[in-house]
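Thanks for coming, everyone. I have one model to walk through today. Let me put it on the screen.

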Amino acid sequence: MKNWLILVVSAVFLLTACGNNDSDTDSNSKAISSVENTIGESEETIGFEMIGDQFVEAANVPVDEKVKIIAAFDEYINSFNAKDINRYANVLSKNAIGFNYEEEIEMLKETFKNHDVKLEDSDATIVKYDEDEAHVVANIDYHVKEHGTDATLNRTVRQVTIFVKENDDWKITRIVGMEKLDQ
(Lines give C-alpha, C1' and ligand atoms only; values in the text may rest on other atoms or scores of the structure.)
Protein backbone atom coordinates (compact mmCIF):
# COMPACT_ATOMS: atom_id res chain seq x y z
CA MET A 1 0.00 0.00 0.00
CA LYS A 2 1.26 3.43 -0.84
CA ASN A 3 0.28 6.88 0.45
CA TRP A 4 -0.70 9.28 -2.29
CA LEU A 5 -1.44 12.90 -2.58
CA ILE A 6 -3.82 13.98 -5.24
CA LEU A 7 -5.39 17.04 -6.68
CA VAL A 8 -8.99 17.40 -6.14
CA VAL A 9 -9.69 21.40 -5.97
CA SER A 10 -11.31 24.63 -5.64
CA ALA A 11 -11.58 25.68 -5.61
CA VAL A 12 -9.87 23.85 -5.92
CA PHE A 13 -10.37 23.70 -6.21
CA LEU A 14 -7.90 21.12 -5.72
CA LEU A 15 -7.29 19.49 -2.39
CA THR A 16 -4.26 17.65 -1.11
CA ALA A 17 -5.58 14.41 0.31
CA CYS A 18 -3.92 11.30 1.68
CA GLY A 19 -5.31 7.86 1.05
CA ASN A 20 -4.27 4.30 0.37
CA ASN A 21 -4.26 2.41 -2.90
CA ASP A 22 -2.58 -0.49 -4.64
CA SER A 23 -1.15 1.71 -7.39
CA ASP A 24 2.49 2.70 -7.67
CA THR A 25 2.22 5.53 -10.18
CA ASP A 26 4.30 8.68 -9.94
CA SER A 27 1.29 10.91 -10.56
CA ASN A 28 -0.12 9.98 -7.17
CA SER A 29 3.09 10.77 -5.32
CA LYS A 30 2.87 14.47 -6.17
CA ALA A 31 0.88 17.05 -4.29
CA ILE A 32 -1.15 18.67 -7.04
CA SER A 33 -2.97 21.23 -5.00
CA SER A 34 -3.81 24.83 -4.39
CA VAL A 35 -6.01 24.15 -1.42
CA GLU A 36 -4.18 24.91 1.77
CA ASN A 37 -4.70 22.53 4.67
CA THR A 38 -3.39 25.08 7.13
CA ILE A 39 -4.20 28.72 7.48
CA GLY A 40 -1.13 29.92 9.40
CA GLU A 41 0.56 31.56 6.42
CA SER A 42 -2.09 34.23 5.96
CA GLU A 43 -2.31 37.55 7.74
CA GLU A 44 -6.05 37.66 7.19
CA THR A 45 -8.46 35.60 9.24
CA ILE A 46 -10.35 32.88 7.47
CA GLY A 47 -13.11 31.20 9.34
CA PHE A 48 -16.79 30.73 9.75
CA GLU A 49 -19.40 30.21 12.42
CA MET A 50 -21.82 27.34 12.57
CA ILE A 51 -25.09 26.79 14.34
CA GLY A 52 -25.46 23.04 14.58
CA ASP A 53 -24.55 21.78 11.11
CA GLN A 54 -25.49 25.04 9.38
CA PHE A 55 -23.06 27.81 8.40
CA VAL A 56 -23.92 31.33 9.54
CA GLU A 57 -24.52 33.59 6.54
CA ALA A 58 -23.06 37.09 6.50
CA ALA A 59 -25.90 39.56 7.08
CA ASN A 60 -24.48 42.38 4.97
CA VAL A 61 -24.51 40.76 1.51
CA PRO A 62 -26.57 42.73 -1.03
CA VAL A 63 -28.98 40.46 -2.90
CA ASP A 64 -27.51 41.23 -6.35
CA GLU A 65 -23.97 40.50 -5.12
CA LYS A 66 -25.09 37.28 -3.43
CA VAL A 67 -26.48 36.07 -6.74
CA LYS A 68 -23.19 36.89 -8.53
CA ILE A 69 -20.98 35.29 -5.85
CA ILE A 70 -22.99 32.06 -5.67
CA ALA A 71 -23.08 31.94 -9.49
CA ALA A 72 -19.26 32.24 -9.54
CA PHE A 73 -18.99 29.45 -6.95
CA ASP A 74 -21.37 27.25 -8.97
CA GLU A 75 -19.37 27.94 -12.14
CA TYR A 76 -16.20 26.87 -10.31
CA ILE A 77 -17.79 23.51 -9.39
CA ASN A 78 -19.57 22.98 -12.72
CA SER A 79 -16.60 23.88 -14.92
CA PHE A 80 -14.36 21.57 -12.89
CA ASN A 81 -16.82 18.68 -13.18
CA ALA A 82 -17.15 19.33 -16.92
CA LYS A 83 -13.35 19.22 -17.18
CA ASP A 84 -13.62 22.49 -19.09
CA ILE A 85 -10.26 24.12 -18.45
CA ASN A 86 -11.16 27.36 -20.26
CA ARG A 87 -14.32 27.85 -18.23
CA TYR A 88 -12.50 26.93 -15.05
CA ALA A 89 -9.66 29.35 -15.81
CA ASN A 90 -12.26 32.07 -16.29
CA VAL A 91 -13.35 31.90 -12.65
CA LEU A 92 -9.77 32.21 -11.33
CA SER A 93 -8.07 35.47 -10.51
CA LYS A 94 -4.92 36.01 -12.54
CA ASN A 95 -3.57 37.90 -9.52
CA ALA A 96 -4.48 35.30 -6.91
CA ILE A 97 -2.85 35.28 -3.50
CA GLY A 98 -3.32 31.54 -2.90
CA PHE A 99 -1.90 30.08 -6.12
CA ASN A 100 -0.07 30.89 -9.33
CA TYR A 101 -2.60 31.14 -12.16
CA GLU A 102 -0.46 29.46 -14.87
CA GLU A 103 0.72 26.69 -12.53
CA GLU A 104 -2.86 26.04 -11.45
CA ILE A 105 -3.98 25.53 -15.05
CA GLU A 106 -1.09 23.15 -15.73
CA MET A 107 -1.84 21.16 -12.55
CA LEU A 108 -5.47 20.94 -13.59
CA LYS A 109 -4.55 19.58 -17.03
CA GLU A 110 -2.32 16.97 -15.39
CA THR A 111 -5.04 16.02 -12.94
CA PHE A 112 -7.65 15.52 -15.66
CA LYS A 113 -5.13 13.52 -17.69
CA ASN A 114 -4.53 11.08 -14.81
CA HIS A 115 -7.77 11.07 -12.79
CA ASP A 116 -11.51 11.12 -12.96
CA VAL A 117 -12.57 13.71 -10.40
CA LYS A 118 -16.01 14.87 -9.38
CA LEU A 119 -16.91 17.55 -6.86
CA GLU A 120 -20.27 17.67 -5.09
CA ASP A 121 -20.94 20.72 -2.98
CA SER A 122 -23.52 21.31 -0.31
CA ASP A 123 -24.42 24.10 2.07
CA ALA A 124 -22.61 26.83 0.09
CA THR A 125 -22.91 29.96 2.22
CA ILE A 126 -21.37 33.42 2.04
CA VAL A 127 -19.93 33.81 5.53
CA LYS A 128 -17.89 36.97 5.05
CA TYR A 129 -18.50 39.85 2.67
CA ASP A 130 -17.26 43.29 1.80
CA GLU A 131 -17.55 45.03 -1.55
CA ASP A 132 -14.18 43.66 -2.77
CA GLU A 133 -13.96 40.22 -1.13
CA ALA A 134 -16.29 37.37 -0.22
CA HIS A 135 -15.75 34.05 1.55
CA VAL A 136 -17.96 31.13 0.55
CA VAL A 137 -17.87 28.11 2.83
CA ALA A 138 -19.22 24.75 1.69
CA ASN A 139 -18.92 21.06 2.31
CA ILE A 140 -17.36 19.51 -0.77
CA ASP A 141 -17.33 15.80 -1.47
CA TYR A 142 -14.33 14.86 -3.59
CA HIS A 143 -14.60 11.64 -5.60
CA VAL A 144 -11.35 10.67 -7.31
CA LYS A 145 -10.41 7.62 -9.38
CA GLU A 146 -7.01 7.18 -10.91
CA HIS A 147 -7.07 6.22 -14.59
CA GLY A 148 -5.92 2.67 -15.27
CA THR A 149 -6.18 1.49 -11.65
CA ASP A 150 -8.74 0.71 -9.01
CA ALA A 151 -7.31 3.46 -6.78
CA THR A 152 -10.05 5.72 -5.48
CA LEU A 153 -10.36 8.48 -2.92
CA ASN A 154 -13.56 9.85 -1.44
CA ARG A 155 -13.30 12.68 1.05
CA THR A 156 -15.48 15.45 2.40
CA VAL A 157 -13.80 18.76 2.94
CA ARG A 158 -15.07 21.88 4.63
CA GLN A 159 -13.78 24.47 2.20
CA VAL A 160 -13.57 28.25 2.23
CA THR A 161 -13.37 29.68 -1.29
CA ILE A 162 -12.21 33.28 -1.25
CA PHE A 163 -13.39 35.52 -4.07
CA VAL A 164 -12.21 38.99 -5.01
CA LYS A 165 -14.03 41.42 -7.23
CA GLU A 166 -12.23 42.13 -10.50
CA ASN A 167 -13.93 44.27 -13.18
CA ASP A 168 -17.33 43.62 -11.59
CA ASP A 169 -16.78 39.83 -11.69
CA TRP A 170 -16.07 37.58 -8.71
CA LYS A 171 -12.85 35.56 -9.15
CA ILE A 172 -11.25 32.94 -6.91
CA THR A 173 -8.09 34.18 -5.24
CA ARG A 174 -7.58 31.46 -2.65
CA ILE A 175 -9.07 28.22 -1.36
CA VAL A 176 -8.59 26.84 2.11
CA GLY A 177 -9.83 23.37 2.97
CA MET A 178 -9.92 21.11 5.95
CA GLU A 179 -10.98 17.50 5.91
CA LYS A 180 -14.01 16.83 8.04
CA LEU A 181 -12.95 14.76 11.03
CA ASP A 182 -16.27 13.01 11.50
CA GLN A 183 -15.73 10.66 8.56
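I will go from the overall fold to the sheet, then the helices, then a few single residues.

First, the ground rules. This is a predicted model, so local features need pLDDT of at least 70, side-chain atom pairs count only at pLDDT 80 or more, and totals for chains, interfaces and linings use all residues. Residues are numbered from 1 along each chain as its sequence is written, and side-chain values use heavy atoms, with hydrogens and water left out.

Now the fold. The protein has three helices and nine strands. Those elements are DSSP runs numbered from the N terminus: H or I of at least four residues for helices, E of at least two for strands. From the N terminus, the order reads β-β-β-β-β-α-α-α-β-β-β-β.

How much of the chain is buried? Of the 183 residues, 49% count as buried. Buried here is under 20% relative accessible area, exposed is over 50%, and partly exposed is in between, with a 1.4 Å probe and protein chains only. The protein exposes about 9,200 Å². Carbon and sulfur atoms supply 45% of that area. The areas come from the Shrake-Rupley method with a 1.4 Å probe; for residues, only the protein chains shown count as cover.

On to the sheet. Four strands make an open sheet, in the order β6-β7-β8-β9, with antiparallel pairing. Two strands count as paired if DSSP finds at least two bridges between them. β6, residues 115–130, and β9 are the edge strands, and each pairs on one side only. On average, neighbouring strands of this sheet are turned by 25° against each other, direction ignored. Axes are lines fitted to C-alpha atoms, for helices over the stretch in contact, and angles run from 0 to 180 degrees between N-to-C directions.

Take the strand pairs in turn. β6 and β7 pair antiparallel over 13 bridges. They form a hairpin with two residues between them. For a landmark, Val117 stands opposite Val144 in β7. At the other end of the sheet order, β8 and β9 run antiparallel and are joined by ten bridges. There, Thr161 stands opposite Ile175 in β9.

What lies across the sheet? Helix α1 lies across β6, β7, β8 and β9, running at about 165° to β6. Helix α3, residues 101–114, also packs on the sheet, touching β6 and β7. Its direction makes about 140° with that of β6. Contact means heavy atoms within 4.5 Å.

Next, the aromatics. Which residues form the aromatic cluster? Phe73, Tyr76, Phe80, Tyr88 and Phe112 form one cluster. Rings of Phe, Tyr and Trp (its six-membered ring) pair if their centres lie within 6.5 Å; planes under 30 degrees apart are stacked, over 60 edge-to-face, and the rest tilted. By this rule there are five aromatic pairs. In one of them, the rings of Phe73 and Tyr76 have centres 5.7 Å apart and planes at 65°, so the pair is edge-to-face. Phe73 and Tyr76 are three residues apart in helix α1, residues 63–81, so about one helical turn separates them. Phe73 is buried, because its relative accessibility is 0%. Tyr76 is buried as well, again at 0%.

Asn114 lies in helix α3. Is Asn114 buried or exposed? Asn114 counts as buried, because its relative accessibility is 15%. Its side chain makes a polar contact of 2.9 Å with the side chain of Glu110. A polar contact is a pair of N or O atoms within 3.5 Å; within protein, one must be able to donate a hydrogen and the other to accept it, and residues adjacent in sequence count only if both atoms are side-chain atoms.

Asn154 sits in strand β8, residues 152–166. With a relative accessible area of 43%, Asn154 is partly exposed. Its side chain joins that of His143 in a polar contact of 2.7 Å.

Neither is glycine, yet phi is positive in both: near 50° for Asn167 and near 70° for Asp168. Asn167 is exposed, at 77% relative accessible area. Asp168 is partly exposed, at 45%.

That is the tour. Questions, please.
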